[in-house]
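Keep the sequence and the model open as you read.

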Amino acid sequence: MNAAVRWLAGLPAYLWSGWGAVASLLLCLALWEWLAGFYGELILPDPRAALSTLAGLLAGGGAWSELGITARRALAGFVLALAAGSALGLAAGLSMTAAMMSRPVVTVLIGTPPIAWLVLALLWFGAGDGTPVFTVFVAAFPVIFVGAMQGARTVDGQLAELAAAYRLPARMRLTDVYLPHVLSYLFPAWITALGISWKVVVMAELLATSDGVGAALAVTRSHLDTAATLAWILAVVGTLLAVEYLLLEPLKRAVERWRSTT
Amino acid sequence: MLSAARWRVGLEALLLCGFRPFFLVAAAWGALALAVWLAALSGAPLLSWVPGGLLLWHAHEMVLGFGVAALLGFLLTAVPEFTGSAAVPRGWTAALSALWLVARIGGLFGGAPGAWLVALAETTLLAGALAVAAPRLWGDPERRHLAFLWGLAALLGCVLGYHAAVLGGGAPLPWLYAAVGVLMALIVVALSRISMRVVNAALEERGDGAQEYLARPPRRNLAIFCIALHTAVELAGATLGAPAAPVAGWIALAAAAALFNLGNDWHLGRVLFARWVLPLYLVYVLMALGYLLLGAASLGFALPLSAGRHVLMVGGMGLSIYVVLNIAGRIHAGVQPESGPWVPWAVALLVTATVLRAAAGFAPGWAPVLWVASGGLWIGVFTVHFARAWPLLSRPRADGQSGCAGVAEDAPAAR
Amino acid sequence: MNTVPAPRRLLARGVGHAYALRTVLEGIDFELPAGRVMALVGPSGCGKTTLLHLVAGLLAVREGRIESNFSTPASVFQQPRLLPWKNALDNIALGLKAAGVARAEREARAAELGVRVGLAADDLQKFPHQLSGGMQSRVALARALVLGPDLLLLDEPFSALDVGLKAELYALLAEHLAGREMAVLMITHDLMEAVRLSDDILVMAASPGRVVARFALDRPAARRDDDFVYRRTAELLRDATVRESFGLPPQVCAQTPEDAACETALQAVHTVRPGAAPARGGLRC
C-alpha cells in the first residue's frame, strides 16, 4: 500500500528521467538515417520507412497476434528458468559442495551456443511450442542459477550473527535478513535472463515454427522486404525496451530503494 | 560646458563594466531592429537597399546584433568573475562597443563598402572578445569554463563563414542558422552557471535546506552535444550539399529530448515556480519545443523550418537574454533584481510572443497578423526594459562600489 | 516483577576455546552480578571478542561453563551491523520485532529511543548508507537499549569513532545505566575508557587469551571526574602486568622524588589483585 503510493509518486520523475534515453535512441535513428542515405532502399531503408511499415503492421492487427505468440513462448521458457534457476541456485549456494560441483556444469551450459540447443530441441520436440520454450529455458537458466547461487553464497556472516544475537525467529531471518540480500542478486539476473529469452525466442522461431515474430522475419527475408524486416526488429526491440523500462526498472528501484544513493 | 561634463560622467558610468553598454544596446536594438523589420514587412519602404535583402538583414541583426551584444555583455562581466581574474579594462569595453556600433551602421549602408565594413567590424569584435576571454578562461586553474571559449570561437567561425558568403556570393543564411545553434549551446552553458545560484537561492529563501540543486554535467553535456551535432550536420548539409535534412531532423529531436532531460535537475518541488526559477526553466522548455518543431519539419511534417527556428530565437534566446538582463544587469550595478509585477508580466509576454510566432507556421493564412502580434509584444518588452535599465546603467553606481562588483552584503533588499 | 528473587548474574568458570588447532582462550573465570560494569581490556587479538561471542551464545561453549540467568541480553558489535535494506527506525526496532512486539508499539518505542540517542526525526527514515558513521553507531546502540536489556554486551562498539563522538555516546550510555540494574560486559583496548565506565577491569593477555590481572574501582562511575580517570589510567599503565600484556617495555621507577609516588601508586592498585598467574614472558598479539 505504502509502497504503491510511493511508486505512483515517483512515477512522473522516473518517466521524465527517460528523456536522456530517448535522446540517445534518437541519435541512433539519426545514424541509421545517415547510413540509409548511403545504401539505398533495398539494403537499408530509412527509419521512417521502417516505422511506417511497422505502423501498418500494427494497424492491420496481424502484428499483435504474432507478438503475442512470441511473448507467450518467451515467457513460458523464462518462467520455467526462473523457477528452476532460482530454487536450484539457492540450494547450490547454501552448500559449498553443491556450489563446487555445479560450477563447471554452469560453465558448460553458458558456453554452449543457443543454436546448438536449438538443433537438439528440433530433434527432440519437433516444430511446435516445445522447441522455442526449451531453447529459451536452456539459455536463461544458467544466468539465473549463477545469480541465485552468488546471492546465497554472499550472505553476510556478520548479519547472520546479528540475527542470532537478537534472537530473530527463523521466519524473520528469512524475510528480513536473507531474502533482501538474495533478491539484490536475483533481480538483475532475472532482468538479464528476460532479455536473453526475448532474443533467443525469435531465433528459435525463425528456424523452428510457422508463426510468431521469428517466423514473420523468415517470411520477410524470403521476400527481400528489408523495410518489413526492420519493422519486425523494431517491434521486438521496442517491446523489450518497454518491458524493461516501464515494468522491470521501476520495480527494481522500488525493491532496492535502500541501495540508491540519490 | 555643462552638457559636455554630463556626457563625460554618463560615458564613464556606461563603461564602468562590460555589461552596461552591451545590455543597453541589446535591449534597444532588439526592439528597434524588429520594429524596422515589421514596418518593412507591412510595406513601409525601408532599407530596401541593404545588401542581401531585408530578410537577411533581419536575421543578421537579431542573431549577430541583438544576440551577440547580450552575449558579450554577459561574458565581459562573468568571465572575470568566474575565473577570479582581472576586470576587463575600460578601453577594451569602449573599443568593443564601438566595433559593435560600427557593424550596425555598416549594415544600414548599401553596397560593397557597407558589407565590407560590417565584415571587418564584426570579425574584429568577436576576435577581440576572444582575446579578452581566452587568457582568463585558460588561466583558470581547473579550466572549468572553457566551454565559453569554444563557443566564442565557433561563433567567430560562423561570422567568418557568413561574411565570406555575403562577399563571395554564396549562401549566407546557413551560417546564421549555425550561429543560432552556437548561441543555444552557449545559453545551456551559461544557464547552468546562473541557475546554480538562482535555484539554490530560491531553495534557501523557501527554507528548503534539505534540497539542493545541481546542474549535473552529464545531462548538460548530452544536450550540448546534441545541439552542436545538429548545428554541424545542418551546416554541412547546406554548405556541402549533403542530403542532410532527415538526419538533422532526428538529431533535432534528440536535442529536444536532451533539453527536456535537463528538467530532471530542476524538479525539486514547488521551488520551480519561484520568481526567477520558472523563467530559466521555461527557457529550456522553449528551446526543447523549438528543436521539436525543427525536427518535425525536417522529417517531413508540413511545417516551415522557420517556426521551430523562431521558437529557439524568440523563446530560447529572447527569454534567456531578458532574464540575464534583469539579474546580472542589476546585481552587478549594485541593486537587487526587481521584485515588482513587471518582470513576471514581461516573461509571460515573451512566452506568448513565442507561441504566436510558432502559430504562424501552423496557420499560414494568419501569418502576417501573428507576426505583427508576436513582434509587437517583443518590441514592447524590450522597450520597457530599456527605459527601466537606462537610468540605472547610464549613471554612476549609488552604492559606492566600483566596476562590476555585486550587491554589497549589507545592502537593503531593493523593491 | 519476578516472584523468585534469584540474584541475576553471569558466571564464567574455566572457559576456553580453540579454533581448529589454535587455542585462543584458556581458563577464564569471572562473575558479573546485576548492576555492575565489567571491562575486558587487552591488546587486539587476545580473544576478547571470542569470549564475548561465547557469552552471547554465538559460539558453543566447549570447555568450561558459562552460566547466565539474565533474561534479556543485548549486544552492540564492533561495527554497527545495520540491515542496509531497513531504515534507521526499523533497524532500531529489530529486536522488538523479533520479540513479537506489535508494529505500532515497537515503532513508538524505537522512535523514542532514537531521539534519546540523538537521531533527528528525518534521520529515522533514512537508510544506513545515508547516515554517517556516528549516526550508524547511535542506531546500533539504540537497537540494543530499546530492548531494555538486563545484560549489555559491548564489543568496542565505538572504536572507529572520533574522540568527541565516542565521549558523547559513552555519556549517553552512562546516563542510561544510571538507576538501572543493568549488567554490562564491555570489551575495549582503551584503558581510559575502561576506567571511566567500569567497576571491574579484567586485563587480558594473548596467546592464549587469559586474564592476567583484575582491578576494582571503588568510586561510583557517576562521581569519576577527568582527573580521577587520568590518574587511575596512569597508575594502571605503570603496572608491570598491564604493560607486558600490551607489549609495552617495562617501566623503571627512577631514583627521583616522584619515585616514592610511583611505587605507592602501584601498590594501591594491586591491593585488589588476586593471585593471577604471571604473564608468560614477552608475548604479544
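Q: At what distance from the ring centre of Phe77(C) does Arg81(C) lie?
A: The model is a predicted one. Arg81(C) lies over the face of Phe77(C). A charge counts as over a ring if CZ of Arg is within 6 Å of the ring centre and within 35 degrees of the ring normal. For Arg81(C) the distance is 4.2 Å.

Q: Over the ring of which residue does the charged end of Arg104(B) sit?
A: This charge belongs to chain B.

Q: Why is the pair Phe141(A) and Phe145(A) called tilted?
A: Over all chains there are 24 aromatic pairs. In this one the ring centres are 5.6 Å apart. Planes under 30 degrees apart count as stacked and over 60 as edge-to-face, so what falls in between is tilted. The planes of Phe141(A) and Phe145(A) stand at 35°, so the pair is tilted.

Q: Which helix holds Phe141(A) and Phe145(A)?
A: Both residues are buried. They are four residues apart, so about one helical turn separates them. The helix is H7 (residues 130-153) of chain A.

Q: How many residues apart are Phe66(B) and Trp378(B)?
A: The two form an edge-to-face aromatic pair, with 5.3 Å centre to centre and 65° between the planes. The pair links distant parts of the chain. Phe66(B) is in helix H3 (residues 54-83) of chain B and Trp378(B) in helix H13 (residues 367-393) of chain B. The separation is 312 residues.

Q: Is Trp378(B) buried or exposed?
A: Buried means under 20% relative accessible area. Trp378(B) has 5% relative accessibility, so Trp378(B) counts as buried.

Q: Are H10(A) and H11(A) roughly parallel or roughly antiparallel?
A: The axes of helix H10 (residues 213-222) of chain A and helix H11 (residues 226-255) of chain A come within 9 Å. They cross at roughly 160°. Angles over 145 degrees count as roughly antiparallel. Therefore H10(A) and H11(A) are roughly antiparallel.

Notes. Residues are numbered from 1 along each chain as its sequence is written. Chains are lettered from A and ligands numbered from 1 in the order in which they are written. This is a predicted model: local features need pLDDT of at least 70, side-chain atom pairs count only at pLDDT 80 or more; totals for chains, interfaces and linings use all residues. Side-chain values use heavy atoms; hydrogens and water are left out. Rings of Phe, Tyr and Trp (its six-membered ring) pair if their centres lie within 6.5 Å; planes under 30 degrees apart count as stacked, over 60 as edge-to-face and the rest as tilted. Helices (H or I, at least four residues) and strands (E, at least two) are DSSP runs, numbered from the N terminus. Buried means under 20% relative accessible area, exposed over 50%, partly exposed in between (1.4 Å probe, protein chains only). Axes are lines fitted to C-alpha atoms, for helices over the stretch in contact, and angles run from 0 to 180 degrees between N-to-C directions. Angles under 35 degrees count as roughly parallel, over 145 as roughly antiparallel, 65 to 115 as roughly perpendicular and the rest as oblique.
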